[in-house]
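Open the model in your viewer and keep the selection tool at hand. The tour goes from one residue to the next stop, with what to select each time.

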Amino acid sequence: MATSIKKIVGASLIGTTIEWYDFFLYGSAAALVFNKLFFPESDPLTGTLLAFLTYAVGFVARPLGGLVFGHFGDRVGRKTLLVVSLLLMGAATFLIGCLPTHAAIGAAAPLLLTVLRLVQGFALGGEWGGAVLIVSEHGDSARRGFWASWPQAGAPGGNLLATGVLAVLAAVQSESAFLSWGWRVPFLLSGVLVLIGLWIRLSISESPVFRQAPKEETPPIVTVLRHHRRDVLIAIGARLAENISFYLLTVFVITYAKAEKIDNSTVLNAVLIASAIHFLTIPVWGALSDRVGRRPIYLAGAAGIGVWIFAFFPLVGTGNFLAITLAVTVGLLFHGMMYGPQAAFFAELFATRSRYTGVSIGAQLSAIVAGALAPVIAVALLREYDSTIPISIYLGIAALLTLFAVYKARETQGRDLAERIHA
């Protein structure tokens with residue numbers, strides 16, 4: 001039975017919000033508490049660096065998740081794999097909230113933390129492609145950019161939820177209480193959120209484009225490597241500035257603020273406000289890409305963030321709440337110009353029976369060198385040079401690479417997703 005596009009969008013948005021909540025919660029906790037609870041024998045900045053390395057491990061598992069989920073998503077269907085990914089992510093996050101710390105079990109604590117982070121990354125690697133495709137393949141070509149951008153809004157939605165929960169706990173608890181048990185609450189809350197997400201996802205129908213596509217004997221990954229190598233490279237390049245900027249703006253900014261002796265609640269509230277604006281504007285950029293094309297909006301976002309990052313850190317360094325909020329908000333608006341059109345743009349690059357694999361592999365391979373390493377590289381550069389200029393140059397170079405990749409791509413706006421692109 002067919003499901004309305006609004007219900008499909010709602011199910012995808014809620015599911016991706018929950019999965020990103022789980023994933024970003026780890027990043028925020030890595031900056032705030034994991035360095036003390038799981039790596040207590042290190043100095044503060046080194047402890048944070050080690051915590052971010054376990055954070056990066058989640059990204060390493062994402063291409064494997066993208067490959068496995070992509071293969072079965074192209075063979076079995078989008079819906080089933082989306083349910084599995086949500087279950088895996090929710091279970092891993094809930095168990096992180098139950099973990100004993102280094103003080104209780106020693107070196108086993110960071111080891112278990114790393115294993116659960118790997119499960120998170122594996123699940124998210126399969127989630128993103130399925131969520132954006134089930135919307136893209138239900139919607140019409142005229143408004144695909146708008147509809148497909150809503151699952152993208154799950155990223156700031158999840159970050160908004162994670163940061164909001166942490167901000168509330170930081171406001172109502174003492175630091176000792178938060179370190180003792182308060183940090184566990186948002187991880188345990190994931191169990192309830194996953195049950196809600198599962199109930200909604202089980203009620204939607206499979207993608208009509210997938211159901212009608214002729215079956216292929218060739219494994220999806222072989223089809224991608226044979227016919228879509230250029231498209232995978234374009235997706236990887238397009239993700240660089242988008243992915244790096246997001247984690248600098250929302251995760252590393254917390255570490256930088258701590259190094260500058262800025263109060264946790266100040267930066268968390270700034271990220272909270274900026275994420276709310278980001279959430280609301282991503283569909284605007286998606287809709288605009290339906291009118292003027294995917295590439296122009298994407299190119300403008302990459303150019304904008306490459307310049308803005310040089311103003312970002314000086315604004316945050318002032319310690320002024322309004323200046324920090326402005327810095328993060330403008331940065332996320334430029335990010336949204338890339339992230340909003342991205343779902344439709346990537347979906348339109350690949351043929352149906354290899355689309356889940358192609359989209360997932362392209363996006364998740366980039367996540368290793370971009371999102372995974374961004375906070376780690378940023379912390380290392382800050383330690384080495386005691387300056388944010390090298391970090392800004394790092395993102396500026398990524399922006400140039402993204403500009404080149406998107407410039408070399410063909411415009412995909414309005415493409416029929418049932419078309420056998422590689423035939």
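Contact here means heavy atoms within 4.5 Å. This is a predicted model, in which local features need pLDDT of at least 70 and side-chain atom pairs count only at pLDDT 80 or more, while totals for chains, interfaces and linings use all residues. Residues are numbered from 1 along each chain as its sequence is written, and side-chain values use heavy atoms, with hydrogens and water left out.

**Stop 1: Ser 149**

Select Ser 149. Leaving aside neighbours within four places in sequence, Ser 149 is in contact with Ile 282, Pro 283, Gly 286 and Gly 340. Ser 149 sits in helix 6, residues 144-152. Helices are DSSP runs (H or I, at least four residues), numbered from the N terminus. Ser 149 counts as buried because its relative accessibility is 0%; the cut-off for buried is under 20% relative accessible area, with a 1.4 Å probe and protein chains only. Now show Phe 146. Its backbone oxygen lies 2.6 Å from a polar atom of the Ser 149 side chain.

**Stop 2: Glu 137**

Move to the loop between helix 5 and helix 6, and pick Glu 137. Glu 137 is buried, at 2% relative accessible area. Its side chain makes a polar contact of 2.9 Å with the side chain of Arg 355. A polar contact is a pair of N or O atoms within 3.5 Å; within protein, one must be able to donate a hydrogen and the other to accept it, and residues adjacent in sequence count only if both atoms are side-chain atoms. Not counting residues up to four places away in sequence, Glu 137 also touches others, including Arg 78, Phe 210 and Leu 417.

**Stop 3: helix 5 and helix 16**

Select residues 108-136 (helix 5) and 352-372 (helix 16): their axes come within 9 Å and cross at roughly 125°. Helix 5 is therefore oblique to helix 16. Axes are lines fitted to C-alpha atoms, for helices over the stretch in contact, and angles run from 0 to 180 degrees between N-to-C directions. Oblique covers what is left after under 35 degrees (roughly parallel), over 145 (roughly antiparallel) and 65 to 115 (roughly perpendicular). Among the residues making the contact are Gly 125, Gly 126, Gly 129 and Gly 130 of helix 5, and Arg 355, Ser 360 and Ala 363 of helix 16.

**Stop 4: the cores**

Which residues have the most contacts inside the largest nonpolar core? Phe 34 and Phe 312 do, in a core of 115 residues. A nonpolar core is a set of buried Ala, Val, Leu, Ile, Met, Phe, Trp, Tyr and Cys residues joined through side-chain atoms within 4.5 Å. Helix 12 (residues 229-259) gives this core its largest share, 17 residues.

Terms used
Helix = DSSP H or I, 4+ residues; strand = E, 2+ residues; numbered from the N terminus. Buried < 20%, exposed > 50% of the residue type's maximum accessible area, 1.4 Å probe, protein only.
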